[in-house]
Amino acid sequence: MLNRRILLTSAALAPLAGLTALRTAGASTGVAVPVAIRLPRPTGPFPVGTTELHLVDAGRDDPFVPGRPRELMISIWYPARRATAPAAYLPPLTAEVFGAGAAEALEQPVGMIDWAGAKSHGGLLAPVLPGKRPVVLFSPGFGVPRGLASISVAELASRGYVVVTVDHTYEVSGVEFPGNRIEVQTLPPAPYAMLARTTRFADLRFALDSLTRLARGENPDAEHRRLPNGLGAILDLDRIGSYGHSAGGLSSIDLLVADPRIHAAIDLDGELGYGYDDPADAPTVAKGTNRPFLLMGSGAIGPGPHDHRTDPSWGLFWDHSTGWKRDLNLPNGRHYSFVDYQALIPWFQRFFTVPPELIANTIGTANADQVLHVMRTYIPAFFDQHLRHRPHDWTHALPETKFIA
């Protein structure tokens with residue numbers, strides 16, 4: 001049975017994968033001006049740099065488009081010596097595809113939001129700040145571009161982490177490759193849950209293998225495009241964590257259980273039984289782990305808050321795991337409170353009416369600023385504790401959060 005939480009992105013919210021809108025600058029002139037995207041700046045002490053790599057897994061046939069080698073696009077975010085011109089929030093062709101779908105969800109004309117002109121808080125090819133840095137791998141939700149978690153990714157990089165974000169080709173709405181080529185979502189007839197799960201796992205392991213090559217001084221980019229000097233030298237591959245949202249949270253836990261290179265992981269609202277009629281049959285759930293993990297669940301969807309007491313897959317994994325573990329809930333938040341929608345939707349409300357049902361189903365009624373504070377606190381705190389040995393006090397929950405256990 002396909003998991004509703006994970007598939008929300010490709011069903012109810014895939015339209016948010018493409019938004020471009022028009023705001024009337026003045027009723028008297030009728031001049032239409034695109035709504036510019038504004039994202040909160042990271043709060044860490046370091047400027048942030050970013051670059052992208054095109055990876056080709058020549059030894060793996062693409063499971064979605066047989067006969068072609070598996071190709072991925074990844075971004076690497078890192079602490080920089082100084083700020084440079086910001087990279088695009090989404091690559092231009094990805095922004096076009098994303099914008100076309102989101103307009104429908106927002107019930108606005110295509111062109112209302114300037115996705116193509118939006119900038120991230122990462123300086124493109126910014127000079128690398130020397131020093132060994134822990135590495136964190138990020139996997140997005142089903143159908144969601146890797147750029148839609150830029151707030152938490154940039155936050156970690158500003159605090160001294162190298163963060164690697166991965167697009168899962170043919171599952172996501174659109175992935176832009178060098179040479180102005182875009183590959184759009186290409187799903188086989190249902191059911192495809194198990195295919196997505198196993199493909200994601202192989203994608204993330206291949207990304208880790210590519211980081212090993214980078215750390216050895218190689219350039220794993222398929223076109224051997226220029227990378228920032230010293231990027232590979234700052235990777236501390238003895239301190240690797242993973243996190244992800246929805247299907248990406250599931251992928252991160254799969255990786256934690258099966259790949260010894262991962263030392264700690266966070267699951268942001270992703271059920272762990274995806275692809276299995278009985279969650280107890282999922283190997284990750286059945287095995288558990290002795291390594292640290294954090295579950296962060298949303299408020300009421302279906303039977304109640306998403307936590308290890310209401311989700312059988314989380315509960316079984318919790319019971320089968322013997323290491324450090326925490327379960328934290330956002331009672332007033334929803335499935336997309338954990339990614340950039342938490343900032344974007346309130347921003348859009350300044351310019352046009354966002355459908356109330358969309359708000360209710362994506363970010364809920366939680367205070368947006370408080371939720372962003374939660375994400376900027378607990379995600380870095382978890383990795384600080386388990387990759388840097390800097391303990392955090394987990395006994396007092398921040399506003400808009402509740403500790404389940």
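**View 1. Surroundings of R291 in the predicted model.** Leaving aside neighbours within four places in sequence, R291 is in contact (heavy atoms within 4.5 Å) with L256, V257, D259, P260, I262, H263 and W324. This is a predicted model, in which local features need pLDDT of at least 70 and side-chain atom pairs count only at pLDDT 80 or more, while totals for chains, interfaces and linings use all residues. Residues are numbered from 1 along each chain as its sequence is written, and side-chain values use heavy atoms, with hydrogens and water left out. R291 lies in the loop between helix 6 (283-287) and strand 13 (293-297), where helices (H or I, at least four residues) and strands (E, at least two) are DSSP runs numbered from the N terminus. The side chain of R291 reaches the backbone oxygen of I262 at 2.6 Å.

**View 2. The stacked rings of Y378 and W394.** The ring centres of Y378 and W394 are 5.5 Å apart and their planes are at 20°, so the pair is stacked (centres within 6.5 Å, planes under 30 degrees apart). Y378 belongs to helix 10 (residues 368-387), whereas W394 is in the loop between helix 10 and strand 15 (402-403), 16 residues apart. Y378 counts as buried at 2% relative accessibility, as does W394 at 7% (buried means under 20% relative accessible area, with a 1.4 Å probe and protein chains only).

**View 3. Arginines over phenylalanine rings.** The charged end of R133 sits over the ring of F46, 5.3 Å from its centre, and that of R181 sits over the ring of F177, 4.5 Å from its centre (CZ of Arg within 6 Å of the ring centre and within 35 degrees of the ring normal).

Methods: A polar contact is a pair of N or O atoms within 3.5 Å; within protein, one must be able to donate a hydrogen and the other to accept it, and residues adjacent in sequence count only if both atoms are side-chain atoms. Rings of Phe, Tyr and Trp (its six-membered ring) pair if their centres lie within 6.5 Å; planes under 30 degrees apart count as stacked, over 60 as edge-to-face and the rest as tilted. Buried means under 20% relative accessible area, exposed over 50%, partly exposed in between (1.4 Å probe, protein chains only).
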